[in-house]
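Hello,

Here is the structure I promised to pass on. Have a look at it first, and then read on for my notes.

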Amino acid sequence: MLDDEVAFRSCLGETIRVQVRSARFGAPTHEQWERARVASREIRRGVECRDRPVVVGALRLYQALFALDSAYPYLELEDSAHAPEFLHRVVARLEEAFEFGRLVVTEGAIPLLGIPPEVELVLRPKLELPEIPSPPPRKESAQTLTFFEVRYVDEIGQAIGGLEVEFKAGSRVETVTTNPAGVATLEEVVGTSASVGVLDLEALGKILDPRWEKPRPGAAPAGVNTHVFSIASSGLSGVALKAAVPNTVVITPPRGKLFVELWDKFGRVRHANQKYSITGPQSFSGTTDAEGRLLHEEVVGGSYKLELTVEVDTGDGKKVSDKYETTLVVLNSNTGAPQLRMLGVLPRVAMARLRDLLFDTHKSFLLPGAIESLKTIRQIYQQNAPCKLLIVGHTDTTGDPEKNDPLSKERADSVKAYLEDDVDAWLANYDLEGEKRWAGREDRAMIGALPDADERGEGEDPVTWFQRTRELSVDGKAGPETRRQLITEYMALDGIELSEEPDLEVSIETHGAGENFPLAGTGFELDTQAADGKADARDRRVELFFFDAEFGIVPPPGAPDGDEYLKWRERAFKDQDFPVAGLEREVFVVEVEDGMFRTDSAVVLPEAEAPSADAHESLTAASVFATALAFARDNPTKELLVAGHTDTAGAESHNQPLSEERAECALLVLEGTAGEANRGRFGELCDGRNLVSDQKQVLSWAARQFGFNCDPGTIDDNEFTGIEPIKGFQRDYNQNRARLGVPDAAELEVDGSMGKNTWSAVFDCYEAALALELSSQEKPEDRLKDLAAIREGLKFVDDEKRSLGFGEHHTIDKVGQDSVRSQANRRVEPLFFNPQEDLDLEQPPKESEIYLPGNFKRTSIPPTTSGQQPVLVGEIHMQLFDDAELAPLASKKFTITGDGTTRSGTTDANGVLREKHVPIGDYELKIEGREQTAVALVLIETIEEPQIRFLG
């Protein structure tokens with residue numbers, strides 16, 4: 001039964017008619033199979049070429065074959081993005097239907113070599129034939145004939161006709177010319193493998209070159225048995241073919257890439273992140289990358305033109321756009337380097353960074369270690385002249401912005417003055433006030449940096465040597481004349497004299513960025529989450545920005561925290577780093593924010609003298625020394641030196657031994673009972689040089705920390721009002737020796753006099769406080785064992801010189817000023833050095849390399865505490881009621897027993913009892929006349945509201 005019939009015209013103009021049969025018909029005859037093979041081939045070829053009559057016919061056959069709804073929009077899919085994939089499936093299903101006889105050719109599709117006579121279609125009556133034995137099996141032919149077909153098309157599927165190609169199948173070689181449809185066929189081939197190649201690539205080029213002169217819409221055919229080659233590919237000489245099926249060869253134009261790097265016309269600034277458009281055989285557009293580059297691959301050859309839009313920020317909030325044009329060539333695909341194009345002008349900036357040991361904390365003096373780096377910057381001047389130089393100064397995050405903002409500007413000004421050899425600008429720093437003032441330390445640093453400094457005789461004063469060798473008036477004092485000569489020589493060390501090299505054409509401005517842009521750990525990137533109060537030499541830096549003279553500083557400087565600085569860094573096409581030498585020498589300093597000594601006293605106070613409640617809580621001796629011991633424990637290779645200092649009140653001859661006693665006293669607290677004589681020596685030192693106010697401050701601390709009944713009230717130098725508090729300390733010390741961890745210590749005589757023995761008892765209190773800071777053990781003897789274990793790891797720079805006094809020579813407050821009382825300058829500093837530092841501890845305190853500017857990177861160790869409070873006593877505070885009458889037990893006698901003691905007294909009119917300074921422990925309360933007892937709790941913290949107890 002015949003169901004449907006579809007007719008279509010093939011690519012060669014032949015009409016082919018195909019009928020759709022129902023599934024119950026048998027296998028196709030030989031003729032039907034031969035014609036079906038031709039029809040199937042023509043359908044595939046026509047679909048691949050997008051020949052509309054063939055495509056329409058194939059879709060209608062597919063629709064009829066599967067009884068699909070005629071309204072289904074298959075024909076509308078022909079030009080959609082999904083058409084190639086869908087049509088490929090359609091052709092595959094039609095080929096299966098031809099093979100199984102569902103599709104039969106009734107017109108056309110006759111093989112070129114003809115077909116056997118058509119099988120008779122008339123049904124005749126069945127004849128009864130005698131049974132004939134089955135013939136022997138038919139031997140297969142030794143030679144099976146097949147054919148090879150190939151179609152040549154260009155990159156948009158247009159046929160390539162008139163092209164000579166050469167088939168090779170075994171020993172058979174035959175040249176065939178493609179027909180107008182681009183098809184070449186090799187028939188009656190023995191074997192199943194063959195190849196085909198283009199004979200004349202030049203002839204192929206003559207066919208295709210005219211087509212490629214301008215862009216053309218379209219896409220290359222795809223699917224099975226399709227091969228794609230560039231016209232320049234060697235693969236065109238031998239394409240492997242599959243037998244008895246259509247093969248397709250797609251030839252594409254030669255492809256390359258547009259790879260360009262764009263710079264300004266001077267070749268110094270990249271055109272980064274700028275918009276562009278490209279016109280030619282193909283069109284492109286986009287934005288250059290951070291390197292000023294653009295890349296487009298698989299580009300058709302030809303002439304191209306680039307138009308670049310350069311957007312310039314003029315610095316006043318406005319932007320100007322300029323357009324520049326240049327020609328481009330298509331590079332070979334495997335070319336690694338981009339083609340360079342230089343056009344237009346951009347505001348540019350080169351950046352040079354000076355960092356590490358450039359300035360001391362709070363100072364603008366340019367340290368000697370920076371000089372060598374300044375020498376190397378000379379080449380940047382020469383590379384960028386003419387230019388405008390902006391020097392940007394920075395601080396670390398210690399201090400307040402109110403101080404750091406002007407300090408950063410002062411540092412930039414200091415470098416500017418150095419580069420311009422402005423001696424007067426530097427001399428003005430000796431007249432400043434406070435810690436910014438330059439003084440003898442700066443003088444000695446500059447003298448030590450001079451080329452002939454090694455010629456100074458041993459023990460000769462540096463200033464005296466300088467004056468003598470420069471034929472100045474020799475008085476050992478660095479006056480204006482001496483300092484002018486010294487600064488002049490120091491400024492000449494970099495070898496840059498801008499005033500004598502007018503060809504450099506460098507004009508300098510300065511800007512201070514304060515603490516707003518600290519560096520990350522690498523020393524290069526900015527730290528967006530920097531901690532406040534961090535002392536870091538890398539942040540005490542300057543950066544030099546060299547701007548084009550034509551545009552100037554873009555954008556101009558604003559506030560210290562303005563984003564202009566970020567824009568300068570972002571635009572810097574060159575970032576050169578000049579780390580300052582000397583970082584290999586480092587000292588770690590436990591910072592003491594408050595002075596811990598009174599004037600003319602060697603007593604290490606348990607807390608700072610009169611701390612400012614508005615600024616910060618006072619430090620305690622326990623927190624400072626516990627920090628030092630913890631650092632030593634965690635850094636077992638570091639070596640310790642304890643340095644003592646005084647302020648400038650008093651004569652130098654008086655201050656030097658005072659600083660030594662302070663250093664020794666602090667060392668004794670650090671070493672503790674590790675040294676057998678330390679306790680007694682501490683008592684001796686404190687007894688020998690103390691003030692009444694020292695005594696009272698110690699008593700006040702003991703009352704708060706241990707609950708001793710020794711609070712002196714106002715801390716002053718009235719000796720009479722301190723007698724009873726001293727007695728209270730002596731009594732409570734005797735009672736709490738076991739709880740302090742010194743049960744075998746000798747009892748103090750309760751005489752109200754703060755002598756050597758009582759000062760030694762204070763040493764025991766310091767030990768107990770330190771142990772509580774550094775140990776979590778419950779028992780005092782165990783805490784002291786932990787403390788002793790930590791001290792066993794202490795290493796010293798020199799065991800014979802564990803502490804040194806530096807007198808009044810290295811102040812940190814009111815620098816260079818004489819006869820000044822300063823709490824901050826009366827200090828000790830635990831200093832930790834790297835091993836084998838080879839320190840010269842024999843140098844005079846005034847000239848010590850430890851405090852000479854730029855010799856060591858100083859890393860601060862801020863004091864920290866564990867949060868433990870060394871409370872050993874408390875109080876019992878209770879209100880007693882009758883359980884039955886609910887009335888206060890007023891005026892009742894009571895006894896409290898426990899800890900080997902008995903306390904007694906009488907409740908007040910409200911039934912309240914209160915016992916202070918009770919050692920922590922278990923106690924029992926008994927009321928006279930009542931059998932019931934109660935537990936009396938020792939409260940560690942004072943609570944104004946009493947505990948309530950009901951007694952029967």
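Which residues touch the most other members of the largest nonpolar core? They are Phe-625, Phe-682, Phe-708, Phe-729 and Phe-832, in a core of 64 residues. Please keep in mind that this is a predicted model. The most residues in this core come from helix H19 (residues 756-774), which gives 11. Apart from this core lies another, of 46 residues, including Val-415, Leu-427, Phe-466 and Ala-478. As general background, nonpolar side chains in soluble globular proteins tend to be buried together.

Leaving out residues up to four places away in sequence, Phe-682 touches Cys-665, Leu-668, Val-669, Trp-759, Val-762, Phe-763 and Tyr-766. Phe-682 also belongs to one aromatic cluster with Trp-701, Phe-706, Phe-708, Phe-729, Tyr-733, Phe-763 and Tyr-766.

On to the aromatic pairs, of which the count comes to 24. One of them is Phe-365 with Trp-438, an edge-to-face pair with 5.2 Å centre to centre and 85 degrees between the planes. Phe-365 sits in the loop between strand E19 (349-355) and helix H5 (371-376), while Trp-438 sits in the loop between helix H8 (423-427) and helix H9 (440-449), so this pair ties together parts that are 73 residues apart in sequence. Both Phe-365 and Trp-438 are buried.

Trp-701 and Tyr-766 make another pair: their ring centres are 5.5 Å apart and their planes lie at 75 degrees, so this pair is edge-to-face too. Because Trp-701 is in helix H16 (residues 692-706) and Tyr-766 is in helix H19, the pair ties together parts that are 65 residues apart in sequence. Trp-701 and Tyr-766 are both buried.

Finally, a sheet to look at. Its three strands run in the order E15-E12-E18, and the sheet is open with mixed pairing. Strand E15 (293-300) and strand E18 (339-342) are the edge strands, each pairing on one side only. From one strand to the next, the twist averages 30 degrees. Strand E12 (residues 255-263) is antiparallel to E15, and seven bridges join the two.

Enjoy exploring, and write back with any questions.

Best wishes

How values were computed: Residues numbered from 1 in each chain as written. Predicted model: local features only at pLDDT ≥ 70, side-chain atom pairs only at ≥ 80, totals over all residues. Heavy atoms only, no water. Pairing = 2+ DSSP bridges. Helix = DSSP H or I, 4+ residues; strand = E, 2+ residues; numbered from the N terminus. Axes fitted to C-alpha atoms, helices over the stretch in contact; angles between N-to-C directions. Core = buried A, V, L, I, M, F, W, Y, C linked by side-chain atoms within 4.5 Å. Buried < 20%, exposed > 50% of the residue type's maximum accessible area, 1.4 Å probe, protein only. Contact = heavy atoms within 4.5 Å. Phe/Tyr/Trp six-rings, centres within 6.5 Å; stacked < 30°, edge-to-face > 60°.
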